[in-house]
Amino acid sequence: MNNDVNESETNMRGKLIVIEGLDGSGKQTQSEKLYTYLKDGERLVKYVSFPDYSSQSSALVKMYLSGKFGDKPGDVGPYASSLFYTVDRIASFKTSWGEYYENGAVIVANRYTTSNAVHQTCKLPEGQWDAYLDWLYDLEFNKVGLPKPDAVIYLDMPSSVSSRLISKRYSGDEDKRDIHEKDRRYLEISRVSALYAAERLGWHVINCAAEREPLPVEEIHKRIVEYVEKIIS
């Protein structure tokens, strides 16, 4: 983000709250519940979700996830894959929610730049993770100019539980899974890189399972609200 702005412009800007997690962790449910909570509290709020599958800007993301560039996540390197998502995010910001953000709204995002940190970092040897994360954040928040999140809430769900929930979502039809969801080992490694990114980048981690079972949706929502109120108050 451009740092050469005056104080009054900075004060007008809203808050960007990101809900992040593995596939099947409940991101969509929790981000929608947070949006509803804030809206019911008569706050100026806008909900966004990434990728923006309703927009043509997500065309490369759709091709990648459907296996058009290879049927394994690693068939496209992390830097190239990241650019597919960056294009989608900047298009969404310019056409959908940027004006809301600039005028003081709370933006609730189901995924964001942080999803690349979760799903692309793990394609690299661990010794290259820091360099990739630095590249990613510099690309999106400095060079491209997307807003940096005010808070990232990572819903930590064990990959075994996430995979089970994904199967339930698709009623057992494994063909409906995208190339990330089909690769169980990839989900496991993604969780490792996600927790690494969470610690390095200062995300707020909420444990969402106990004894291999997901916590109740309302309990997770309560924890999210308690944290978000501290950020936006």
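Predicted model: local features only at pLDDT ≥ 70, side-chain atom pairs only at ≥ 80, totals over all residues.
Across the whole structure, a search finds 16 aromatic pairs. In one of them, the ring centres of phenylalanine 50 and tyrosine 112 are separated by 5.8 Å and the ring planes meet at 55 degrees, so the pair is classed as tilted. This pair joins distant parts of the chain, since phenylalanine 50 belongs to the loop between strand 2 (45–49) and helix 3 (59–65), whereas tyrosine 112, 62 residues apart from it, belongs to the loop between strand 3 (106–110) and helix 5 (113–119). Both phenylalanine 50 and tyrosine 112 are buried. A second pair, tryptophan 97 with tyrosine 101, has ring centres 6.4 Å apart and planes at 80 degrees, and is therefore edge-to-face. Its two members lie 4 residues apart, about one turn, within helix 4 (residues 78–102). Tryptophan 97 is buried at 0% relative accessibility, and tyrosine 101 is buried at 4%.

Most residues other than glycine have a negative phi, and most peptide bonds are trans. Against this background, the peptide bond from phenylalanine 50 to proline 51 is cis, with omega near -5 degrees, and proline 51 is located in the loop between strand 2 and helix 3. Glutamate 42, although not a glycine, has a positive phi of about 60 degrees; this residue is placed in the loop between helix 2 (27–40) and strand 2 and is exposed, with a relative accessible area of 75%. Arginine 111, likewise not a glycine, has a positive phi of about 80 degrees and is found in the loop between strand 3 and helix 5, where arginine 111 counts as buried at 15% relative accessibility.

Terms used:
Residues numbered from 1 in each chain as written. Heavy atoms only, no water. Phe/Tyr/Trp six-rings, centres within 6.5 Å; stacked < 30°, edge-to-face > 60°. Buried < 20%, exposed > 50% of the residue type's maximum accessible area, 1.4 Å probe, protein only.
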